[in-house]
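Good morning, colleagues. Please bring the sequence and the structure up on your screens, and I shall then take you through a few local features.

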Amino acid sequence: MSAPGLIDIHSHMTPRALPVDPGSSAPWPCMRCQDEARATLMLGDKPFRELDDRSWDVARRCEDMDRDGVAIQLLSPMPELLSYWQDAAHAEYLADHVNAAIAEMVARRPDRFRGLAMVPMQEPARAARYMRDLKARFGVDGIEIGSNVGGALPGEERFAPVFAAAEAGDLAVFVHALHPVATAAVMRHAPFFTPMVGFPLDVAMAGASLITEGVLERHPRLRIALSHGGGAMASLIGRLDQGWRMVPELRDRLSTAPSAQARRLFYDSNVYEPALLRHVARDMAPGQVCAGTDYPYLIMQDDPAAFIASAGLTAAEADSVRRGAATRFLDMR
């Protein structure tokens with residue numbers, strides 16, 4: 001591209017083909033292809049999502065990126081592929097395939113793509129071992145994790161090995177909503193609640209968990225980004241600070257207020273409301289907001305450059321959202 005464009009840290013891929021079911025007890029993901037450009041992701045015998053070649057075709061993605069002024073996409077797996085409900089060995093087998101597909105896309109256009117890998121979080125020690133050579137095997141910049149793992153929030157002590165491995169391996173961590181716990185009971189009656197309401201709630205719960213459990217204090221070099229602008233985090237910060245002032249246990253655990261901890265996290269710009277983007281980028285986490293679109297799904301942010309421009313940010317603030325924060329999140333030297 002002739003001029004520097006956006007770095008989109010929230011962009012998903014799905015391989016056109018997935019490995020054969022190794023004998024899993026949970027529904028196994030597979031691709032049912034209609035033609036070269038269309039496929040349905042199946043979970044067992046049930047359709048999950050209709051996809052097109054934007055999910056796997058490098059040339060097609062680059063066309064859209066040029067149209068939208070996106071210089072680089074950070075590729076992460078479709079969240080449903082994280083497969084925390086599978087046996088950990090089977091999830092690792094699937095991760096090998098998906099991570100290799102991401103590596104192949106990056107290798108074809110290293111000037112346009114970077115990657116995040118998936119790891120078997122349902123067994124944190126196994127995930128930590130898997131992470132030791134992620135960069136060498138797949139050339140990725142970090143990992144994508146779900147906002148919860150079978151209902152367990154990421155700040156829980158059981159996931160400590162994963163964050164230690166991420167910090168040791170200089171791996172960025174991108175937290176994406178997955179099977180939100182807050183809307184699980186109503187999904188059967190109102191399935192639209194999951195993406196519309198559950199995703200931002202679950203991401204905020206994940207972020208609050210990372211803060212209140214002291215993950216950021218224990219790992220000062222850890223780089224974590226929350227998808228969907230942190231979800232409902234913007235409305236929780238004041239309440240978390242008040243709790244920190246009032247609850248001795250929380251105050252003893254954290255040396256600084258939750259709002260200060262929140263300023264260490266990164267966030268994407270995928271919030272749809274210019275005023276909310278301005279608040280997160282200017283007040284909640286200055287310099288920590290990266291462009292993010294949720295490409296290539298129906299709910300994605302169209303024309304991200306225009307959306308960022310509409311937020312009423314200063315030139316320096318907008319440039320940080322467009323590129324600057326992402327270069328620090330990904331440690332692009």
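I begin with Asp303, which is partly exposed, as its relative accessible area is 41%; here buried means under 20%, exposed over 50%, and partly exposed in between, with a 1.4 Å probe and protein chains only. Phi of Asp303 is near 45°, a positive value in a residue other than glycine.

Before I continue, a word on the basis of these values. This is a predicted model, in which local features need pLDDT of at least 70, side-chain atom pairs count only at pLDDT 80 or more, and totals for chains, interfaces and linings use all residues. Residues are numbered from 1 along each chain as its sequence is written, and side-chain values use heavy atoms, with hydrogens and water left out.

Asp303 lies in the loop between S11 and H12; helices (H or I, at least four residues) and strands (E, at least two) are DSSP runs, numbered from the N terminus. Pro296 belongs to the loop between S11 and H12 as well, and a cis peptide bond, with omega about 5°, joins Tyr295 to Pro296. Ile299 is also placed between strand S11 (289-290) and helix H12 (304-309), and with a relative accessible area of 32% it is partly exposed.

Asp331 sits in the segment after helix H13 (315-329) and is partly exposed, at 23% relative accessible area.

I turn now to a hairpin. Strand S3 (residues 38-43) and strand S4 (residues 46-52) pair in the antiparallel sense over six bridges; pairing requires that DSSP finds at least two bridges between two strands. Arg38 has Asp52, in S4, as its bridge partner. Two residues lie between the strands of this hairpin, and Gly44 takes a positive phi near 65° there.

How many disulfides does the count come to? It comes to zero, a disulfide being a pair of cysteine sulfur atoms within 2.5 Å. Cys62 counts as buried because its relative accessibility is 6%, and Cys290 is buried at 0%.

Finally, the chain as a whole. Its secondary structure comes to 13 helices and 11 strands, and buried residues make up 56% of its 333 residues. The C-alpha atoms fill a box of roughly 55 × 50 × 45 Å along the principal axes. Thank you for your attention.
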